[in-house]
Amino acid sequence: MIQVRKSADRGHFDHGWLDTYHTFSFARYYDPAHMGFRSLRVINQDVVAPGRGFGEHPHDNMEIITYILSGQLAHKDSAGHTATIGPGEVQKMTAGRGIAHSEFNPSHKDPVHLLQIWIEPAREGLDPSFEQKRLDPAMLRNRLEPIVQPEGGESAVSIAQDARVYAGVIEPGRSVEHALAPGRHAWVQIIRGEADLNGQRLGPGDGAAVSGEPSLTLSPSSETEVLLFDLA
């Protein structure tokens, strides 16, 4: 079964300095039919204006993943981690038993466009931690490359949950497949481009919840960037 979540149906707020779309209920956006999917709790697509950002604020018991589409985002947290992330990198912060952080666009002229993703951890009270990895663009071309997984990896950050996140940039005329083990579920999020997912057409910003399918085939009609979440 595939249930499509169209881009236009997401929660949307334009605060001037922040233009944001919420796939699932978040902050002032509440939709009881879309509270998350499995352990996947948040997918926010944010555009932050130059020189603006999120002041210091607390989190706990959440795995927070940042994936940049364009521009840069500067991170600073109460555990002493500082980093700037741009396209071609993935960042994870384990909030654990409690951490505070801030995120700002360091550019004075360019906005930053990003996805921020929250995944619920398998257990609470973990030690807070931070990790950032650079991705090899060649490894993302016409395939689905793991960028988040429990054991981490050379180009994957680790996560305290039985979940894997794959990224890919697929050319038109090519297709990629992903097998789902029995009892596994998937969320597919289209970043840019258009593609058929097992016969369902998805466009930019569209998502799809997948359950009870033995495999997924993604066939783009234009160059398509995608994230795939493989979830227990």
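Reader: Is Arg-201 buried, partly exposed or exposed?
Author: This is a predicted model, and the class of a residue in it follows from relative accessible area, where buried means under 20% and exposed means over 50%. The relative accessible area of Arg-201 is 43%, which falls in between, and therefore Arg-201 counts as partly exposed.

Reader: How far apart in space are Glu-194 and Ser-219, C-alpha to C-alpha?
Author: Glu-194 touches residues beyond its sequence neighbours, among them Leu-202, Pro-204, Pro-220 and Ser-222. Ser-219 is 25 residues from Glu-194 in sequence. In space, the C-alpha to C-alpha separation of Glu-194 and Ser-219 is 8.6 Å.

Reader: Is Leu-218 buried or exposed?
Author: Leu-218 belongs to strand β21 (residues 215-220), and the residues it touches include Arg-174, Val-176, Ala-195, Leu-197 and Val-226. His-178, 40 residues away in sequence, has its C-alpha 8.5 Å from that of Leu-218. The relative accessible area of Leu-218 is 6%, and because buried means under 20%, Leu-218 is buried.

Reader: Where in the chain do the two residues of the salt bridge between Glu-89 and Arg-134 lie?
Author: The side chains of Glu-89 and Arg-134 meet at 3.4 Å, N to O. Glu-89 is buried, with a relative accessible area of 11%, whereas Arg-134 counts as exposed at 56%. The pair links distant parts of the chain, 45 residues apart, with Glu-89 in strand β9 (residues 89-94) and Arg-134 in strand β12 (residues 129-134).

Reader: What is the N to O distance in the salt bridge of Asp-127 and Arg-97?
Author: Both Asp-127 and Arg-97 are exposed. The side chains of Asp-127 and Arg-97 meet in a salt bridge at an N to O distance of 2.3 Å.

Reader: Why does that pair tie together separate parts of the sequence?
Author: The salt bridge in question joins Asp-127 and Arg-97. Asp-127 lies in the loop between β11 (112-119) and β12, and Arg-97 in the loop between β9 and β10 (99-104), so the parts tied together are 30 residues apart in sequence.

Reader: How many salt bridges does a search of the whole structure find?
Author: Some of the charged side chains form a network, in which Arg-141, Glu-171, Arg-192, Glu-223 and Glu-225 are linked by salt bridges. The protein chain has 21 positive and 30 negative side chains, with the centres of the two sets 1 Å apart. For the whole structure, the number of salt bridges found is 15.

Reader: What radius of gyration does the protein chain have?
Author: The chain contains one helix and 22 strands, and its C-alpha trace spans about 45 × 40 × 40 Å along the principal axes. Residues 24 or more positions apart account for 69% of the contacts with a separation of 6 or more, and 52% of the 232 residues count as buried. A compact globule of 232 residues would have a radius of gyration near 17 Å, which agrees with the value for the protein chain, 17 Å.

Notes: Residues numbered from 1 in each chain as written. Predicted model: local features only at pLDDT ≥ 70, side-chain atom pairs only at ≥ 80, totals over all residues. Heavy atoms only, no water. Helix = DSSP H or I, 4+ residues; strand = E, 2+ residues; numbered from the N terminus. Rg over C-alpha atoms; globule rule 2.2 N^0.38 Å. Buried < 20%, exposed > 50% of the residue type's maximum accessible area, 1.4 Å probe, protein only. Contact = heavy atoms within 4.5 Å. Lys, Arg positive; Asp, Glu negative; His and termini not counted. Charge placed at Lys NZ, Arg CZ, Asp CG, Glu CD. Salt bridge = Lys/Arg side-chain N within 4 Å of Asp/Glu carboxyl O. Lists of a residue's contacts leave out its neighbours within four places in sequence.
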